[in-house]
Amino acid sequence: MPLRVAIAEDSYLVREGLSQLLTGVAGLDIVAVSEDTYSLIDAIERETPDVVLTDIRMPPFREREGIRVAAQLRETHPEIGVVILSQYADPALALELFESGSKGRAYLLKERIGNRGELVDAIEAVANGRSVVDPKIIDALIAERARSATSPLDELTTREREVLAEVATGKSNAAIATSLFLTKRAVEKHINAIFMKLNLRESEDTSRRVKAALMFLTEESAGQAPPGV
């Protein structure tokens with residue numbers, strides 16, 4: 001069965017461009033095209049898409065409606081994947097999106113619209129419960145890390161790094177316990193130790209779990225970069 005996709009974008013040109021770009025792609029079925037938040041929510045209830053492809057800012061307030069819809073869907077329709085399109089290469093916005101969980105969520109810059117392959121890959125990824133972060137967001141996080149002489153992750157034990165690697169994939173504590181042959185209580189103790197060593201405190205805008213996962217992914221990306229990068 002093709003993936004059912006709902007598109008939401010307030011700009012007529014971008015909205016039509018996305019629709020034309022994805023119409024006819026094998027494995028995709030565009031079931032709704034919306035121009036504001038309210039019509040998107042109506043379309044989701046009416047069409048029950050597999051994936052929502054939405055602008056980050058839309059009417060009525062043009063703030064972070066796309067992220068808010070993604071958070072709402074986590075509660076009401078957790079099976080629906082969401083791809084956020086944004087013109088802002090701001091790691092804080094990506095963190096806000098992943099605050100409600102990274103499973104089935106993607107944050108891409110609008111410049112990726114010109115590459116149908118990347119867009120389709122992101123749609124398929126979130127439909128299968130995976131997460132995608134635009135490379136420029138990773139670059140920004142790596143640059144921030146490079147300004148620091150040492151990594152706070154160096155303080156973690158081997159087991160704590162194994163647990164953090166599992167956290168970064170979006171697994172729950174119970175799933176991590178099964179994967180690493182630990183008790184759930186042991187996983188909780190390791191995660192609390194990770195938060196303490198990384199000096200992560202709970203804040204209103206971003207969860208410690210998301211921050212720790214992104215720190216791990218940033219270091220992994222930096223470690224894979226070629227010399228001089």
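Reader: Which residues does Leu-153 touch, not counting residues up to four places away in sequence?
Author: Leu-153 touches Arg-161, Leu-164, Leu-198, Met-215, Phe-216 and Glu-219. Contact here means heavy atoms within 4.5 Å. Keep in mind that this is a predicted model, where local features need pLDDT of at least 70, side-chain atom pairs count only at pLDDT 80 or more, and totals for chains, interfaces and linings use all residues. Residues are numbered from 1 along each chain as its sequence is written, and side-chain values use heavy atoms, with hydrogens and water left out.

Reader: OK. Is Leu-153 buried or exposed?
Author: Leu-153 counts as buried because its relative accessibility is 2%. The cut-offs are under 20% relative accessible area for buried and over 50% for exposed, with partly exposed in between (1.4 Å probe, protein chains only).

Reader: And where does Leu-153 lie?
Author: In the loop between helix H6 (135-146) and H7. Helices (H or I, at least four residues) and strands (E, at least two) are DSSP runs, numbered from the N terminus.

Reader: How many residues apart in sequence are Leu-153 and Met-215?
Author: They are 62 residues apart, yet 8.1 Å apart in space, C-alpha to C-alpha.

Reader: Moving on to H7. At what angle do H7 and helix H8 pack?
Author: About 130°, with the axes 10 Å apart; H8 covers residues 173-180. Axes are lines fitted to C-alpha atoms, for helices over the stretch in contact, and angles run from 0 to 180 degrees between N-to-C directions. H7 and H8 are therefore oblique to each other. On that scale, under 35 degrees is roughly parallel, over 145 roughly antiparallel, 65 to 115 roughly perpendicular, and the rest oblique.

Reader: Which residues in H7 meet H8?
Author: Arg-159, Glu-162, Val-163, Glu-166 and Val-167 do, and they meet Ile-176, Ser-179 and Leu-180 in H8. Glu-166 counts as buried, because its relative accessibility is 15%. Leaving aside neighbours within four places in sequence, Glu-166 is in contact with Lys-171 as well as Ile-176, Ser-179 and Leu-180.

Reader: New topic: which residues of helix H2 are buried?
Author: Thr-37, Leu-40, Ala-43 and Ile-44, in a helix that runs over residues 37-47. Seen down the axis of H2, they fall within an arc of 120° (taken from the directions from the helix axis to the C-beta atoms), so they line one face of the helix.

Reader: What do the buried residues of H2 pack against?
Author: Strand E1 (3-8), strand E2 (28-34), strand E3 (51-55) and helix H3 (65-76). The face turned away from the buried side carries the exposed residues Tyr-38, Asp-42 and Arg-46.
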